[in-house]
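Here is a quick briefing to read alongside the model. Have the sequence and the structure open as you go.

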Amino acid sequence: MDFQLNEELQAIQEAAREFAEKEVAPTADDDDREHRFRLDLVRKMGELGFFGCTIPEEYGGTNSGFVSLVIITEEIARIHSSLRVAINMQLGPSRALVEFGTEEQKKRYVPKLVTAELLSCFAITEPDAGSDVAAMRTRATRKGDCYRLNGSKTWISNAQVADIALVYAYTEPEKKHRGMSAFLVDLHQSGVAAKAIEEKLGTNASPTGELFFDNCAVPAENLVGKEGDGFKICMTELNHTRLSCGAGAVGVARACREAAVSYANQRSQFGQKIGQYQMIQDMIAQMVVQEEAARLLLYRAAALKDEGRPNTLETSMAKYYAGETAAFASDCALKIYGAWGYSKEYPVERYFRDSRSYQIVEGSANIQKLIIAQDALGYRKANR
Ligand code: GRA
């Protein structure tokens, strides 16, 4: 067991940090305030290979692995949490294609997803199907050489900017989750409409929206995997995107810890730096330990993925704990900054707003806890 990053991973970390500090940081607060989606930065991330960590070289990836994915995501989210969402939007569909797609689908789409020439998203959630994925109502009915897609999706990151979506729909609803299928859908075609969700608490520089499918004709060759594979593909995909999401949470927790330490060393009250007070030290100590513990959980889950070993349990543990860590750290940072934390003068209020997403997206904290507890109690093994 080696707790040091090897030279390759250190170089990847440095490249991601440099990009984030030089190119993302200068406008992060303005981008957030103005709800500005930075396609230019997303494309640059593509050029730097940030979307290809888990993609084989023959499809344009770097194949540097899941540990590198965690490292890159943390560095980006440390500077701007919104921008790390782009990683998952390219990762989910491209990995699903690598694992379940035909050779033609892989060749046609994956290299363009890695460079972000094509922007993508994945569409699972519906108004009445959030945690309960199997409750979705979107249908795909085979008609000749096409499927007709009908239904709507909500809370879809990238909905209004993406070129293609990996859409989950029922082909045989009577079979419950075994009747779900996955489709690659061109979002510029007729029968598709997107609508932005304008007002959110945070993650404002990452577009979120709804997707509507009205008898949308999807060529049969765009079915991913076989009919009925959808739920399995969806869970496999979430198992990857949850990891990167957890890494984003650690990035936010780190930003909070760094800001809190800097402010505690600078602000004086009652004749001494506030860092000298034990109540501040209590918060700082907890922030330091939780951040480190969350990172180690993520590295372990990522290493298992790189070794091709079962990791659903470890991924859920890492994602759950990282989300709680980000929320706790942002809460502490706000308290340490006091009124300045409540103002827009410092990015701490942005960290606070963005941190909340990590307890909700990619399977809520409670869903992760269900997976973990049911495994511990012996009701249902997570790593099947
Ligand atoms: O027995 P079987 O062969 O039918 O298989 C079952 C099970 O083995 C079947 O699915 C299989 N399965 C899995 N396979 C591989 C279950 N979990 C996994 C897995 N992780 N990997 C049915 O299983 P089940 O447990 O009976 O299903 P269920 O009770 O209907 O639901 C399970 C569960 C609650 C875990 C699932 O619905 C779930 O994960 N819900 C959370 C949904 C979620 O994460 N949504 C995220 C939306 S996307 C998003 O947030 C984007 C944000 C972007 C960003 O910020 O990054």
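Arg254 counts as buried, with a relative accessibility of 7%; buried here means under 20% relative accessible area, exposed means over 50%, and partly exposed is in between (1.4 Å probe, protein chains only). Keep in mind that this is a predicted model, in which local features need pLDDT of at least 70 and side-chain atom pairs count only at pLDDT 80 or more, while totals for chains, interfaces and linings use all residues. Residues are numbered from 1 along each chain as its sequence is written, and side-chain values use heavy atoms, with hydrogens and water left out.

**Arg254 and its partner**

- The side chain of Arg254 meets that of Glu258 in a salt bridge, at 3.3 Å from N to O; the term covers a side-chain nitrogen of Lys or Arg within 4 Å of a carboxyl oxygen of Asp or Glu.
- Both residues sit in helix α7 (residues 230-264), and because they are four residues apart, about one helical turn separates them. Helices (H or I, at least four residues) and strands (E, at least two) are DSSP runs, numbered from the N terminus.
- Glu258 is partly exposed, at 26% relative accessibility, whereas Arg254 is buried.

**Other salt bridges**

- The whole structure holds 31 salt bridges.
- One of them joins the side chains of Glu126 and Lys153, at 2.8 Å from N to O. That pair links distant parts of the chain, 27 residues apart: Glu126 is in the loop between β1 (120-123) and β2 (139-143), and Lys153 is in strand β3 (residues 146-157).
- Glu126 and Lys153 are both buried.
- Glu349 and Arg353 form another salt bridge, with their closest N and O atoms 2.8 Å apart. These two are four residues apart in helix α11 (residues 348-355), so they are separated by about one helical turn.
- Glu349 is buried at 12% relative accessibility, and Arg353 is buried at 11%.

**Aromatic pairs**

- The structure has six aromatic pairs. Rings of Phe, Tyr and Trp (its six-membered ring) pair if their centres lie within 6.5 Å; planes under 30 degrees apart count as stacked, over 60 as edge-to-face and the rest as tilted.
- Tyr263 and Tyr337 make a stacked pair, at 4.1 Å centre to centre with 15 degrees between the planes. This pair also links distant parts of the chain, since Tyr263 is in helix α7 and Tyr337 in helix α9 (residues 312-337), 74 residues apart.
- Tyr263 is buried at 4% relative accessibility, and Tyr337 is buried at 6%.
- Ring pairs tie Tyr263 and Tyr337 into a cluster with Trp340 and Tyr346.

**Cavities**

- A search of the whole structure turns up two cavities of 30 Å³ or more. On a 1 Å grid over the protein atoms alone, a cavity is a set of points where a 1.4 Å probe fits but cannot get out, and a pocket is an open set with protein on both sides within 12 Å along at least five of seven lines; lining residues have an atom within 4 Å of a point.
- The largest cavity has a volume of about 50 Å³, where grid points are joined across faces, edges and corners, and a volume is the space filled by probe spheres set on the points.
- Lining the largest cavity are Val24, Asp31, Arg36, Arg38, Leu41, His80, Ser82, Leu83 and Ala205.
- The second largest cavity holds about 30 Å³, and its lining residues include Phe37, Asn158 and Pro207.

**A pocket**

- The second largest pocket has about 420 Å³ of space.
- Its lining has 15 residues, with Asp2, Val67, Tyr299, Arg300 and Ala303 nearest the centre of the pocket.
- Helix α8 (residues 278-306) gives the most to this lining, with six residues.
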